[in-house]
Amino acid sequence: MVVSYHYFYTEPLYSVIRLESSVPFGRFFRSLHYFSSQLALISTFFHLIDSLYKGWHHKKNFVAWLFLVLSFIVLIFITFTGYVIRFDEVGKLAGTIAENLCLSIPYVGGVLRDLLFPISKGGLYRVYLAHIYGSFLLAIGLFVWHASIKRVLSLKYAPYLYLNLILPLIFYVPLESEKGKTIVTGPWFFWGAQGLLKFLPPLGVLFLLFLAVVWLILLGFKPARKFSSWVGGILILWLLVYVIFSLIIYRDAHT
Amino acid sequence: MPTLKRLAKTKSFWILLGLVILLCLFYSEAKKDRREVAKLTSGEVELCITCHQEVVPEKVHDKKVVGCSSCHLGNPYTLDLKEAHKNIVKNPGDLRYVNLTCGQPGCHPTEISKVKNSLMATNHGMIKRVVEVFEEKEVLSLYPKLSVSQLYQSEVYHKTRNSLGLDYYRKLCGSCHLWLEKGKLPYFLKEKGGGCTACHLVKEEDEGLNSSRKTHPKLVRYPPMENCVRCHNRSGRIGFTYQGLYENEQGGVGDEVWVDGRWLDRVSPDIHFQKGLNCVDCHTKEEVMGDGNFYYSLHEALEIECQTCHGGDGTTKKGRKLKNFQKKGTKAYLEIKGSKKLLLIKKPVRVCSLSYHKRLTCVSCHAKHMPDCYGCHIKYDPRETHLDKILAKETKGLWIEHESYRRLALPTLAVEDNQRVVTVTPG
């Protein structure tokens, strides 16, 4: 709320920097916003792995599993749009890539671009809306359904809550400039896609990402249970490939 | 650990921890210096200028137009000292990262690749000549286009470490090229090198002792003669002779002393110098900064001749038109690039076109004098050490230059390629 109050999509970078430099506790709230999103993303990922390891995707009903997978996807989307709407130099580049990735999809690409990333046409307004709406969707539609308030407020989760508060006090994540860089990297979870884009056409990369989501959903689908070891194996392989491409990008950017 | 686990189960522990966090937060906020966000004239955010108050004494690179980070890199989006200065560069003109600074898109991208291929950056002519004199053909067969940037590579260094010719170059010539890191060498040599800034940077005086504001060095479009002479003062001593200075081996009362301790006598300067022309008024951008081609010698790279202006239409021998050459009616003028002053160009007199003068170049008659050294020789002492200008450290092997005497005399004439009579001097 504090972050969105000071953010103006018409002057994105200026307003984010002003939040940091002029608003009392502004840097803390921006860092809190950043670290909580990163922690949420990592936690949801491990929650997915944990569910698979313990076999909850089979024990619970398919809708619960579907919602967990969707939460993860929506969370990635929100984190990515958050990266774009701060509109520093790397955010700008990430936005352009996202816009062009949308456009590479045949038939529906134009509509999807206009809905989510029409940056070259209309600036950041819709990306900002997607970020806000996505957050509400996640908070109300998925998390509240998924976890009860009573559980969230129990002392069991206090360490995670406090971790969110301590990290922004210790670490500072500045806005990024592309100055002095020959290779600019996107958000860390996007490195693999960035690496794949070096070798595959945009549509091919999108197809691979889409395939992973479908595969993940299929894991919880009862009729497909007899193939679950195959599906799981393919997913692990996919994840390995994604990590390797992420490392390639990391290496290229740091040499 | 069991105590911590027990504590984690109590509400008071978490409340206390929350209070500690809150205190830390208030403390860090109280320490923070709050400033208004600075913007450039383009509307881009540039926080560097919030702290850096240095005056940039020129319009093109004005701080409010290009900011600091466009040239010096770093992160302009933060006031955090450490983060803001990450990856910062002191000299943006250094050829090692010039593609990210001066050569970035929107600034001077086309010039950079040309400069890197120019003789001032490759020094190929000098390297080739020295290696040939030392009869080390194997070096050139290994690296036919050996340039000074390659000498910085460890692989090339190890493969050529036994070459005396290259050792001579590294120790006696290696400070006059654009790849030299400015300020890396000691004494007067620290002023040399620096890529683009080797030529285009002029030091400005600070506003005064009482002023807290420092003055940023000035960048100039047309390098002043002093910048050229910083390097072009050895071999043929062209930088000295042009402005009427003669390097005297003995020195005397009233002599000037050059930065490296050499004695200079005042003699009559070149007529072009007297008229106020600087080196870049005649020498074209392509000659000096390269035209993209790799040249094997200075002879190949040069394109202006006396006839380009005197009797010519301002077109060089490579077919390029001088931008400061103007024709008004029957008269021709050359504009001084800095002051925009027009100078009337004299046409060759009738005697120049006489048939028996046909093979003479203009300088063979018009050059008043030229410094000549006699008995030049070098001595190599493998026991002593000498500053290697490429490695920037003392290494084994000392080169000592000797000469018997020096004279300022009428230039020696020679026939070039059995065609033209030219002036020659030991280089």
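This is a predicted model: local features need pLDDT of at least 70, side-chain atom pairs count only at pLDDT 80 or more; totals for chains, interfaces and linings use all residues.
Residues are numbered from 1 along each chain as its sequence is written, chains are lettered from A in the order in which they are written, and side-chain values use heavy atoms, with hydrogens and water left out.

**Where the chains meet**

- Contact (heavy atoms within 4.5 Å) involves 34 residues of chain B and 32 residues of chain A.
- The interface has two salt bridges, a salt bridge being a side-chain nitrogen of Lys or Arg within 4 Å of a carboxyl oxygen of Asp or Glu.
- Asp80(B) and Arg27(A) form a salt bridge through their side chains, at 3.9 Å from N to O.
- In chain B, α2 (11-31) and α5 (69-72) are the elements that give two or more residues to the side touching chain A; helices are DSSP runs (H or I, at least four residues) and strands likewise (E, at least two), numbered from the N terminus.
- α2(B) brings the largest share of that side, eleven residues.
- Sorted by class, the chain B side that touches chain A has 16 nonpolar, eight polar and ten charged residues.

**Helix α9 of chain B**

- Which residues of α9(B) (124-133) are buried? They are His124(B), Gly125(B), Ile127(B), Val130(B) and Val131(B), where buried means under 20% relative accessible area, exposed over 50% and partly exposed in between (1.4 Å probe, protein chains only).
- Those buried residues pack against α8 (119-122), α10 (137-142), α11 (148-151) and α13 (164-173) of chain B.
- After α9(B) comes Glu135(B), with a positive phi near 55 degrees.

**A three-stranded sheet in chain B**

- The sheet is open, with antiparallel pairing and strand order β3-β5-β4; two strands pair if DSSP finds at least two bridges between them.
- β3 (245-248) and β4 (256-257) of chain B are the edge strands, each pairing on one side only.
- β4(B) and β5(B) (263-266) run antiparallel and are joined by two bridges.
- Glu256(B) has Leu264(B) in β5(B) as its bridge partner.

**Salt bridges within the chains**

- Over all chains, the structure holds 37 salt bridges.
- Lys198(A) and Asp252(A) meet at 2.7 Å, N to O, in one of these. Lys198(A) sits in α12 (191-199) and Asp252(A) in α14 (228-253) of chain A, so the pair ties together parts 54 residues apart in sequence.
- Lys198(A) is partly exposed at 48% relative accessibility, whereas Asp252(A) is buried at 14%.
- Glu247(B) and Arg237(B) also form a salt bridge, at 2.7 Å from N to O. Glu247(B) is in strand β3 and Arg237(B) in the loop between α15 (225-229) and α16 (238-242) of chain B, ten residues apart.
- Glu247(B) is buried, with a relative accessible area of 9%, and Arg237(B) is buried with 9%.
- Arg237(B), Glu247(B), Asp260(B), Arg262(B), Glu403(B) and Arg406(B) belong to one network, joined by salt bridges that share partners.

Conventions: Ala, Val, Leu, Ile, Met, Phe, Trp, Tyr, Cys and Pro count as nonpolar, Asp, Glu, Lys and Arg as charged, and the others, Gly among them, as polar.
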